[in-house]
Amino acid sequence: MNNTVFDQMMSRYTLQTEDDRINALHEVMQQIALAGLYRADFFNKAAFYGGTCLRIFHKLPRFSEDLDFSLLQPEKDFSLENYFDAVIDEFKALGREVIISKKEKQQQSQVESAFLKDTTEIYNLSFQTAKHVKIKIEVDTQPPLGFSTEPKLLLMPFSFMVKCYTLPDLFAGKMHAFLFRNWKNRVKGRDWYDFEWYVRNNIPLGFEHFLKRAEQTHDFTEETLTPHIFKELLKKRITETDINLVKNDVRPFIKNQSEIDIWTTDYFLQLVDYIQIKL
């Protein structure tokens with residue numbers, strides 16, 4: 001019976017390639033981890049955000065690897081490890097053994113994480129028997145505030161609610177990463193994919209939360225980062241980036257490769273003009 005639930009979750013995916021199988025496994029693991037955190041009342045203290053939140057609860061048509069959480073209020077002594085037993089037990093109930101290990105920050109690059117503050121805890125969750133299939137879990141314990149949340153329903157492995165950022169504030173977090181992430185030579189094309197998704201779905205950008213993030217990481221203020229300046233900075237970022245690197249990064253995460261045929265520098269510059277700002 002227990003294995004049936006796991007198999008049932010996997011059966012919702014079309015598995016034609018090894019990439020398909022790995023992406024599906026990641027997503028099933030993410031949902032089981034969320035279930036364990038829910039059972040331990042984690043969402044009384046924290047909210048889910050980032051690309052995986054967008055994928056699971058808003059049907060973003062690309063796969064995502066990480067679980068990103070923000071505390072609802074800063075808490076210096078918060079420890080995610082208090083919730084590990086509940087997550088491990090949730091996997092065990094479905095017939096799967098997992099390991100959760102702390103990731104040392106000095107081995108982490110800013111390419112993988114938008115901003116690695118000292119207040120961000122990072123862990124890897126992997127199967128006992130397949131350590132290469134892992135998801136990264138990050139919790140910001142001193143988060144920028146100014147965001148709203150809403151409860152979102154997940155039906156598997158059982159019915160439960162996850163506290164999530166609202167779409168405008170998810171958009172704000174994504175554009176903060178888009179604008180300030182230290183890409184070096186490894187551009188995060190997934191940021192560009194999500195940017196396009198928000199604009200095409202007419203989601204307004206929560207500028208208050210965006211500004212709180214920019215204040216925390218780059219000392220911007222309302223005077224030095226107006227909506228107009230924000231859009232100009234975005235255009236500069238787009239112009240300076242090799243669009244081929246962007247497309248190459250996102251390919252493994254999308255089924256329909258023709259989606260990104262239209263992607264050019266000019267396409268993204270015009271997308272900027274379509275962003276709606278929610279003040």
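Predicted model: local features only at pLDDT ≥ 70, side-chain atom pairs only at ≥ 80, totals over all residues.
User: How do you know that the span of helix H8 agrees with its number of residues?

Analyst: Helix H8 holds 13 residues, 227–239, and at 1.5 Å a residue these should span 18 Å; the end C-alpha atoms of H8 are 19 Å apart, which agrees.

User: Which residues of H8 are buried, and what puts them on the same side of the helix?

Analyst: The buried residues of H8 are Phe-230, Lys-231, Leu-234, Arg-237 and Ile-238. They cover an arc of only 120° around the axis, and therefore they lie on the same side of H8. The face turned away from the buried side of H8 carries the exposed residues His-228 and Thr-239.

User: What covers the buried residues of H8?

Analyst: The cover includes the helices H5 (167–180), H6 (189–200), H7 (207–218) and H10 (265–274), together with strand S8 (205–206) and strand S9 (277–278).

User: What is found at the start of H2, and what follows the helix?

Analyst: At the start of H2, a side-chain oxygen of Thr-17 comes to within 3.4 Å of the backbone nitrogen of Asp-19. H2 is followed by Asp-41, which has a positive phi, near 65°.

User: Why are Lys-59 and Asn-202 called exposed?

Analyst: The cut-off for exposed is over 50% relative accessible area. Lys-59 has a relative accessibility of 64% and therefore counts as exposed, and Asn-202 is exposed because its relative accessible area is 54%. Lys-59 is found in the loop between helix H3 (51–58) and strand S2 (67–71), while Asn-202 lies in the loop between H6 and S8. Although Lys-59 is not a glycine, it has a positive phi of about 60°; Asn-202, also not a glycine, has a positive phi of about 60°.

User: Where is the cis peptide bond that involves Pro-157?

Analyst: The cis peptide bond joins Met-156 and Pro-157, with omega at about 10°, and Pro-157 is found in the loop between strand S6 (149–154) and strand S7 (160–165).

User: Why is Asp-249 called buried, and which residues is it in contact with?

Analyst: Buried means under 20% relative accessible area, and Asp-249, at 18%, is therefore buried. Asp-249 lies in helix H9, residues 243–250. Leaving aside neighbours within four places in sequence, Asp-249 is in contact with Val-187, Lys-188, Gly-189 and Arg-190. With Arg-190 there is a polar contact of 3.1 Å between the side chains.

User: How do you know that the buried residues of H9 lie on the same side, and what covers them?

Analyst: The buried residues of H9 are Ile-243, Val-246, Lys-247, Asp-249 and Val-250. Because they cover an arc of only 160° around the axis, they are on the same side of H9. What covers these buried residues includes H6 and H10. At the start of H9, a side-chain oxygen of Asp-242 reaches to within 2.9 Å of the backbone nitrogen of Asn-244.

User: How many bridges join S4 to strand S3, and over how many does S4 pair with strand S5?

Analyst: Strand S3, residues 98–102, is joined to S4 by 5 bridges, and the two run antiparallel; the bridge partner of Ser-101 in S4 is Asn-124. S4 and S5 (residues 134–140) pair over 7 bridges in the antiparallel sense, with Leu-125 opposite Ile-135 in S5. S4 and S5 form a hairpin, with 6 residues between them.

Methods. Residues numbered from 1 in each chain as written. Heavy atoms only, no water. Helix = DSSP H or I, 4+ residues; strand = E, 2+ residues; numbered from the N terminus. Expected span 1.5 Å × (residues − 1). Buried < 20%, exposed > 50% of the residue type's maximum accessible area, 1.4 Å probe, protein only. Arc of directions from axis to C-beta. Contact = heavy atoms within 4.5 Å. Polar contact = N/O pair within 3.5 Å; in protein donor to acceptor, adjacent residues only side chain to side chain. Pairing = 2+ DSSP bridges.
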